[in-house]
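Good morning, everyone. Please look at the screen while I walk you through one protein chain.

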Amino acid sequence: VSIGVHIYDVDVFSLQFANEDGVVEYATAFGLLFCSMTFVTHAGSLRRRGLTLAAICTAVYALLFFMGAGEEVSWGQRIFGWESGEFFMENNKQYETNLHNLVVGEWHLAKTVFGSGLTAVILLYLVALPLLYPRVGLIQRLADKFAIPVPGLRHTVLAILASLVIAAMDQSRKWEVYECIFSLLMLSIIVLPQNRDQTR
């Protein structure tokens, strides 16, 4: 869909499809929210099975994805039209109530936390873990112990293809689409990981 819209009209892509409060942004938020809800159900299932550590870890994953969904839409600020507090007006790059756009002096949270370090972690998770999990006993035991949903090779292939497509697009708003793809890909992984029996 993204490629089709981009080919059809780059202005429609940037000003309507992938803009702030556009279909892509809300799809990303809903994808992250569904990931959170799925983790909640899995945490309950693991708790009933007596796997306390796995249940706690899964509950933490649910919280992180819930926060991601809230951050994506600035916790509903633009939906409900409420004003940012003084702190966010002074320290947020977009004057919104969210953490990922905080700028304090020269320190930009998005670049510090969500920059190259997070990119490396995501690549290890999507590319390295699916290959190592069935081959390295220690990694398999740790992933299962902490109920980490392990991507399948199909997820790895999709992630690589999506990365190549996004890299080929000459469009500043393409990263919004990349975030959306990631949220939907994560939902697919959580629902059907390699270690399905260990994560629910």
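I'll start with the overall layout, then go to the inside, the surface and a few single residues.

First, some ground rules. This is a predicted model, where local features need pLDDT of at least 70, side-chain atom pairs count only at pLDDT 80 or more, and totals for chains, interfaces and linings use all residues. Residues are numbered from 1 along each chain as its sequence is written, and side-chain values use heavy atoms, with hydrogens and water left out.

Now the layout. The protein chain has 11 helices and two strands. Helices here are DSSP runs of H or I with at least four residues, strands are runs of E with at least two, and both are numbered from the N terminus. Follow the sequence and you read α-α-α-α-α-α-β-β-α-α-α-α-α.

How much of the protein chain is buried? Of its 200 residues, 40% are buried. Buried means under 20% relative accessible area, exposed means over 50%, and partly exposed lies in between, with a 1.4 Å probe and protein chains only.

Next, contacts, meaning heavy atoms within 4.5 Å. Take those between residues at least 6 apart in sequence: 56% of them join residues at least 24 apart.

Let's go inside. A nonpolar core is a set of buried Ala, Val, Leu, Ile, Met, Phe, Trp, Tyr and Cys residues joined through side-chain atoms within 4.5 Å. The largest one has 19 residues, and Phe39, Phe65, Tyr125, Leu126, Met186 and Ile189 touch the most other members. Which helices each supply at least two residues of this core? They are helix 3 (23-48), helix 4 (52-72), helix 8 (116-132) and helix 11 (174-191). Helix 4 gives the most, with five residues.

Apart from this core lies another, of five residues, including Val24, Ile166, Met169 and Cys180.

Pick out Tyr125. Skip its neighbours within four places in sequence, and Tyr125 contacts Pro130, Ile148, Pro149, Pro151, Met186 and Ile189.

Thr58 sits in helix 4. Thr58 counts as buried because its relative accessibility is 1%. Beyond residues up to four places away in sequence, Thr58 touches Phe39, His42, Ala43, Leu46 and Ala147.

Ala59 is in helix 4 too. Is Ala59 buried or partly exposed? Ala59 has 38% relative accessibility, so it counts as partly exposed. Ala59 and Ser36 are 23 residues apart along the chain, and their C-alpha atoms are separated by 8.6 Å.

Then Ala62, again in helix 4. Ala62 has 5% relative accessibility, so it counts as buried. Ala62 and Cys35 are 27 residues apart in sequence, yet 7.2 Å apart in space, C-alpha to C-alpha. Leaving out neighbours within four places in sequence, Ala62 contacts Ser36, Phe39 and Val40.

The accessible surface of the protein chain is about 11,500 Å², and 68% of it belongs to carbon and sulfur atoms. Those areas come from the Shrake-Rupley method with a 1.4 Å probe, and for residues only the protein chains shown count as cover.

One nonpolar surface patch covers about 1,100 Å², and its residues include Ile56, Val60, Trp75, Phe80 and Leu99. Patches are made of residues with over 30% relative accessible area and no salt bridge; like charges are joined within 9 Å, and nonpolar side chains (Val, Leu, Ile, Met, Phe, Trp, Tyr) within 5 Å. A salt bridge is a side-chain nitrogen of Lys or Arg within 4 Å of a carboxyl oxygen of Asp or Glu. Helix 4 and helix 5 (77-80) each supply at least two residues of the patch. Helix 4 has the largest share, six residues.

Two loop residues next. Ser74 lies in the loop between helix 4 and helix 5. Ser74 is not a glycine, but has a positive phi of about 50°. At 1% relative accessibility, Ser74 counts as buried.

Ala147 is in the loop between helix 9 (137-145) and helix 10. Ala147 is not a glycine either, and has a positive phi of about 55°. Ala147 counts as buried, at 1% relative accessibility.

Last stop: His155, in helix 10 (residues 153-168). His155 is buried, because its relative accessible area is 1%. Which side chain does the side chain of His155 join through a polar contact? The partner is Ser188, at 3.0 Å. A polar contact is a pair of N or O atoms within 3.5 Å; within protein, one must be able to donate a hydrogen and the other to accept it, and residues adjacent in sequence count only if both atoms are side-chain atoms. Not counting residues up to four places away in sequence, His155 touches Leu185, Ser188, Ile189 and Leu192.
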